[in-house]
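Work through the exercises below with the sequence and the structure open beside you. Try each task before reading its solution.

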Amino acid sequence: DKDGGKFEETVAKCKEDLNDNVTCLEGDELILAMFRKEIISCVVMKYVFHEFEDPSRVLSECRRVMKKGGRIIVIDFIKGTLAEELWNEDYYTDEEIGNIISEAVFTVVDKKNISNQGPVLISGIKVF
């Protein structure tokens, strides 16, 4: 188990909190291709947004499979923080992430910097 069981722990907690009324899948953005339109309620992207070659395409696919009122949650480090230096990766600013989410026709409803060195948590809703 490459993530040290964290995914399984998260799934167990979700099912406990939601009385088993949740299905969690782990995979890359290509996993969404197997779903028909408007079937998913929530997509969580944790520390992967900066890895996408084309985040707009990924968000477009998320939007396709998401029900009206569905939520997208992005958690990632941001440009100019220690994470860039430590991992030698390129990150987006929190404003860029918010703009990419908005351009994918999600309404951004929340943006919080978790600490002064990142990460940021941005969530959006599929309104129509």
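**Exercise 1.** Locate Lys126 in this predicted model, and decide whether Lys126 is buried or exposed.

*Solution.* 
Step 1. Lys126 is found in the segment after E4.
Step 2. The relative accessible area of Lys126 is 4%. Buried means under 20%, so Lys126 is buried.
Step 3. Next, list what surrounds the residue. Leaving out residues up to four places away in sequence, Lys126 touches Glu38, Arg63, Met66, Lys67, Lys68, Gly69, Gly70 and Phe106.
Step 4. Look at the polar atoms of the side chain. The side chain of Lys126 reaches the backbone oxygen of Met66 at 2.7 Å. The backbone oxygen of Arg63 lies 3.1 Å from a polar atom of this side chain.

**Exercise 2.** With which residue does Glu38 form a salt bridge, and which parts of the chain does the pair link?

*Solution.* 
Step 1. The partner of Glu38 is Lys126, and their closest N and O atoms are 3.6 Å apart. The cut-off for a salt bridge is 4 Å.
Step 2. Glu38 sits in the loop between helix H1 (6–17) and strand E1 (40–46), while Lys126 is in the segment after strand E4 (120–125). The two are 88 residues apart, so the pair links distant parts of the chain.
Step 3. Check the backbone of Glu38 as well. Its phi is near 50 degrees, a positive value in a residue other than glycine.

**Exercise 3.** How many salt bridges does a search of the whole structure find? Describe the one between Arg64 and Glu61, and the one between Asp110 and Lys112.

*Solution.* 
Step 1. The search finds four salt bridges.
Step 2. The side chains of Arg64 and Glu61 meet at 2.8 Å, N to O. These residues are three apart in helix H2 (residues 55–65), which means that about one helical turn separates them.
Step 3. Arg64 has a relative accessibility of 26% and counts as partly exposed. Glu61, with a relative accessible area of 22%, is partly exposed.
Step 4. For Asp110 and Lys112, the N to O distance is 3.7 Å. Asp110 is partly exposed at 26%, and Lys112 is partly exposed at 49%.

**Exercise 4.** Give the order of the strands in the sheet, and explain why one side of E1 and of E3 has no neighbour there.

*Solution.* 
Step 1. The order is E1-E2-E4-E3, in an open sheet of four strands with mixed pairing.
Step 2. E1 and strand E3 (107–113) stand at the edges, and each has a single partner strand, so one side of each is left without a neighbour in the sheet.
Step 3. Neighbouring strands of this sheet are turned by 10 degrees against each other on average, direction ignored.
Step 4. Take one pairing in detail. Strand E2 (residues 66–76) and E4 run antiparallel and are joined by six bridges. Ile75 has Leu121, in E4, as its bridge partner.
Step 5. H2 lies across E1 and E2, and runs at about 145 degrees to E2.

**Exercise 5.** How many disulfides does a search of the whole structure find, and how far from the sulfur of Cys62 is the nearest cysteine sulfur?

*Solution.* 
Step 1. The search finds zero disulfides.
Step 2. Cys62 is in no disulfide, and the nearest cysteine sulfur, that of Cys42, is 10.0 Å away. A disulfide needs the two sulfur atoms within 2.5 Å.
Step 3. Compare the exposure of the two cysteines. Cys62 is buried, at 1%, whereas Cys42 is partly exposed, at 39%.

**Exercise 6.** Where is Phe49 found, and which residues is Phe49 in contact with, leaving aside its neighbours within four places in sequence?

*Solution.* 
Step 1. Phe49 is found in the loop between E1 and H2.
Step 2. Its relative accessible area is 0%, so Phe49 is buried.
Step 3. With those sequence neighbours left aside, Phe49 is in contact with Pro55, Leu59, Val74, Asp76, Tyr92, Ile97 and Ile100.
Step 4. Consider sequence and space together. Phe49 and Tyr91 are 42 residues apart in sequence and 8.4 Å apart in space, C-alpha to C-alpha.

Terms used
Residues numbered from 1 in each chain as written. Predicted model: local features only at pLDDT ≥ 70, side-chain atom pairs only at ≥ 80, totals over all residues. Heavy atoms only, no water. Buried < 20%, exposed > 50% of the residue type's maximum accessible area, 1.4 Å probe, protein only. Pairing = 2+ DSSP bridges. Axes fitted to C-alpha atoms, helices over the stretch in contact; angles between N-to-C directions. Contact = heavy atoms within 4.5 Å. Polar contact = N/O pair within 3.5 Å; in protein donor to acceptor, adjacent residues only side chain to side chain.
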